[in-house]
Each structure stands twice: as structure tokens, then as C-alpha cells.
Amino acid sequence: MPLSFDVWAPLPERVDLMVDGEQFDMERSEDGWWRLPAERAAEVVRPGVDYGYRLDGEQTVLPAPRSRWQPYGVHGPSRSYDPAAFEWHDQDWTGRQLAGSIIYELHLGTFTPEGTLDAAIGKLDHLVELGIDLVELMPVNAFNGEHGWGYDGVCWYAVHEPYGGPAAYQRFVDACHQRGLGVIQDVVYNHFGPSGNYLPSFAPILDDSMSSPWGSAINLAGEGSDEVRRFIIDNALMWLQDYHVDGLRLDAVHALVDTRAIHVLEEMAVEVDALSTFLNRPISLIAESDLNDPRLISPREAGGYGLDAQWSDDFHHALVANLTGDDSGYYADFASLEALGKVLETGFFHDGTKSTFRGRRHGRRLDTPTMPTWRLVVCSDNHDQIGNRADGARLATRETPRQLQLAALVTLLSPYTPMVFMGEEWGATTPFMFFSSHPEPELAEAVSKGRVEEFAKMDWDPDTIVDPQSEYAFAGSKLVWDERFGEVHSEIWQTYRDAITLRRSYPDLTDPRFEWISCRFDPDSQWFVMERGESISVAMNFALEPVVIELDDACEVLLRVGESTIVEAEGRYELHLGPQSAAVLHLPTEALPGRS
């Protein structure tokens, strides 16, 4: 996308461009775009200048709606940036497809002590050693304040300055590609943050007649929505083309209120597919949705939107409920091995079934004969499931190390696309709290008060509710990297590393056919077996008492967690598992039907 100071602003009657303190008159066209005369544009438009706009003669200079760089924060002027000036070193990069890959989700501000893109480069070799394929960054678009989760962004085209700005972002992606790591960027198109959103002064970016959980909905179908949709899709293309990103995670797409015949997600998928073809490398679009709606990832020719994948909350809920015994709230429907088995075999638990949490039927069945399993992204923990707790406690501080290892085996050896949340791979004990740094006193107070009121309704102990505006909420969420080398943490790390190695070594563990996954279990003794393809079984004991599982044939043990022994007696084989233990079993080729 070429450097330009053109701006879509159909609402004001006058738009003046300010460049390094000097004012330039702009001309309006019939489509609501304001542009400099060609001769002035050639003189003014260049990288590295501070600029902004005055609307209708007001003295306040507003940042550019498509600003690439906000060095003074979201309330200050923009600085022009030419991404084409960056010298890339990834010419040999051919991309990383989602199928067969493992994702690693991280938050830049807490991933390293420094909290910057350049500092994160120093940890990439750790991810390579682990066996990660795709690094997923939580939102990096500019938001008000120094630190936050990033979902309150207001300058969607700019990289948050405390992370290092646009040049640092390019250095990070370049460094990932040189190590064989792809990059997925988490983007938010369903709302703007509460401070610094000046776009409604320029254009009808919001539709006040429709609401979302954050207020007025994005204008996707009303008057002027053609350009609003263009604003969104151009942003997606910017990350993929100008910054060489390999995929996007689309936040809360269920909050995109779009009543047009062609949904904006389908429109985006068409253009991204075209760009992928031109760039000759795979690009993935991954939706976060709580709808359990297969149309998101169904082919367009079958009436779907044509996205590549979506998150599966059902997997997380079923796994955690069975690990922890938690049957409160939305976990109630998932607290059985039958629920875990259904999720593993069919993708969704709620596929038209009654959701007690919602008080209604929910979801729709996946077309498992035609749908590849890798289109569902699964995890045992993620930023939401941790940070949306009052205390930000990870699974690692609520469960035993053995339980964490069991969770790793289910997730990494499942038929789906596994995702690991930063630090999970060694059982990090640091919390990941919800934090913000709103500088406006009234907004800061409202966020703090709202957090207390939200969890007070859930009967949380008030003393455990962390104030998101406190320095502790942010500083206390930073990973402690030395923790990885402790004895217990090293054991957890090794389980993750070994499981990923197995996934790379046996085709049955990446086979994308639903018919090649089956489960059997005993709800009384709490053992569970996940069978992958013809030769691999993952046997687990969730209970605190040892169990015995009958086997059809003699197997070799590829990976152990805890105590496991195969016993032969009178031509029968049994797997003896200790408390909270597991074994990954391999049936030798000669024992497979029709093989010798």
C-alpha cells in the first residue's frame, strides 16, 4: 500500500492537512475522500513527518484514521511510515500452512521483562526448540496508555509504540521467518477502545442503530458501509502484505453485526485468498467465535464464509472440567468423560444440544465426513480463560504437574490444531491478569470498579479480585523465564517437547479425518483412551487411584507420564496406570490388520 495522506471523511465540510505544523488545504471528491492536489502531494507526502487533520476549522489536530505510526500515543499526531523501505531477509520464506502446525500465543508486554518486539526476538529460539510452527501475537494495534491486552485499540493500522512501533514489528516478523516460524496477528474488527477513537468525527464508522457488547456496532451494512468494510479489509491486507504476516486471528466475530448478503468475513476471505495466490504462500484466517457455527469454516461454494479455522471453546471446557472436576457455570455441561469423548470425535459438544448455561439450544453439527479436523484450534489455556478469572490464575497453579502433563497430551495429540499459551510449556506459575493503564482518572476508576462488581456477582472473594489498573496486574503477569529450569518445570517442558516430537513422527497423529479419531472410557474409574488412526492410542487416568485398561494387542510405550506398565497374562494384555498417569501406545505394524 503506497504512502498517502488521503483520508475518507464524508462527515466534515472542511479538512485541513497539518504536516510538521504547516497547514495544507485538501480537496474533496464526490466519494467523500479528501486529497491534496497532485503537485502538493509530491511535495508533502514523504516518510518521517508528523501529520494530522483539522476538521471544520477546529484547532485540534486529529491523528490519521489509517496512521501506521503513533509515536506520541493515540491522542497525538501521526508520523508517516513507508513499510516498503524495510530491508527484508525472508526472501526464501514459503510460508507455513495451518494444517499440521502448532500455534504459540503470546502477549508482547509480558512475554519478556522488557515487553518489546525486539526483546521477544531473543526468545524465538526457545519456541523453535519446543517445536512451534506459528507465533500468534495478541493485538499490537495502538491503544491508549502504556500497557494493556490490546483489545481496546483505536488506531488499527499503527503498531503500539511501547512495543517498538512499525519498524520493530517488521524486524520481529523477519526474525521469525528466518527461524522457520510463521506469524499470526490477532486483530480486532468488532469494536474500538473507549479512548482515542476519532474515526466517528471523520466518517460513519459506527452504526448507532445497532449495538454490540461494547456499544454501537461497527457500521457493516448501513449507509457508507462500503468504505467501512474497505477500511477493515485493507487493514487485514496490510498485515499480510506490508508486514509479511502469515495469518490473522479475528477477534469475537460473533459481534460483527452484518446483515448484507455477503458477510464481511466472506468478502475478506475472498481477497485474502487472492493475495495468497499472488504471494504464492499460505495465509490463514482464524475466527474466534462462540457460536459453534460451521458456516465460518465451510467452503464458500457450500454456503460458508471460507475461513480457514475457528477456536473451539468446547474442547477447552471439556478438558478442564474433567481435569479439575469443576462443574460450575458453563463447565456444567462438559464435566463428564462422555463430553470429552464427543468433543474429540465430533469437534463440538454443543452442536444443536441444550446449553444449560445459555438456557437454550446451541451450535450446529460439523459436517465431519468433509471437514478436516485441523480447522478447529484447541487449547488447555489461553489469554481469555486465564485472564478472565478474577485473580488471573493459570491452570498450572490450580492443578498438579501430572494434570498439566495430561492436558498437554490431550491437546497436542488431539486431531485438531493445538495452541500453547506462553509459559504453559513449563507450567509457569505467574498469573496472566486482566490489566489496563487508562490515564484518564474517570475511565480508570470505571474499569476498576466494573471489575469488582463483575466478580462480586460471581461470589468471588473480594480480596482475590485484582485491580486491572494496578501496577501489580501488569508487572505480576510477566513471565519469569528462570522458572523453566526448575525440576518440576523441566519435566513439564520435556512432556511438551516429547509430545510435539511424537506428533511430527507418526502420521496418525496429524491425520485430519474425523473417522480416524475414536474414544473409549470408563466414567467410574475415570480412565480415558483416545485412539488416533490405526496405530496410536493415548491412554490416561484422570483419577487419584490406579486403573487397569485392557488392550487388544501387545504395544510399545512411546511416552509415559507417571506410572505405567503393560502386563501380559494368559495371552491377554493390560495397561496398568498409576494415579493421574498416561501412556502413549504404538501398535507395531505387524499387528495391524492386513499387514505383515
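Visitor: Which hand is the crossing of H9 and H12?
Guide: The crossing of H9 and H12 is right-handed, meaning that the near helix is turned clockwise from the far one by less than a right angle. This is a predicted model, where local features need pLDDT of at least 70, side-chain atom pairs count only at pLDDT 80 or more, and totals for chains, interfaces and linings use all residues. Residues are numbered from 1 along each chain as its sequence is written, and side-chain values use heavy atoms, with hydrogens and water left out.

Visitor: What residues make the contact?
Guide: H9 supplies Phe315, Leu319 and Leu323, and H12 supplies Gln403, Leu406, Ala407, Val410 and Thr411; contact means heavy atoms within 4.5 Å.

Visitor: And by class, how do they divide?
Guide: Six are nonpolar, two polar and none charged. Ala, Val, Leu, Ile, Met, Phe, Trp, Tyr, Cys and Pro count as nonpolar, Asp, Glu, Lys and Arg as charged, and the others, Gly among them, as polar.

Visitor: Other topic. How many cavities of 30 Å³ or more are there?
Guide: Five, from a search of the whole structure. A cavity is a set of points on a 1 Å grid over the protein atoms alone where a 1.4 Å probe fits but cannot get out, and lining residues have an atom within 4 Å of a point. Volume is the space filled by probe spheres set on the points.

Visitor: How much space is in the largest cavity?
Guide: About 100 Å³. Its lining has six nonpolar, two polar and three charged residues, and includes Asp381, Arg394 and Glu424.

Visitor: What about the second largest cavity?
Guide: That one holds about 60 Å³. Its lining has eight nonpolar residues, one polar and no charged; among them are Pro63, Cys155 and Phe202.

How values were computed. Helix = DSSP H or I, 4+ residues; strand = E, 2+ residues; numbered from the N terminus. 1 Å grid on protein atoms, 1.4 Å probe; cavity = no way out; pocket = protein on both sides within 12 Å on 5 of 7 lines; lining within 4 Å.
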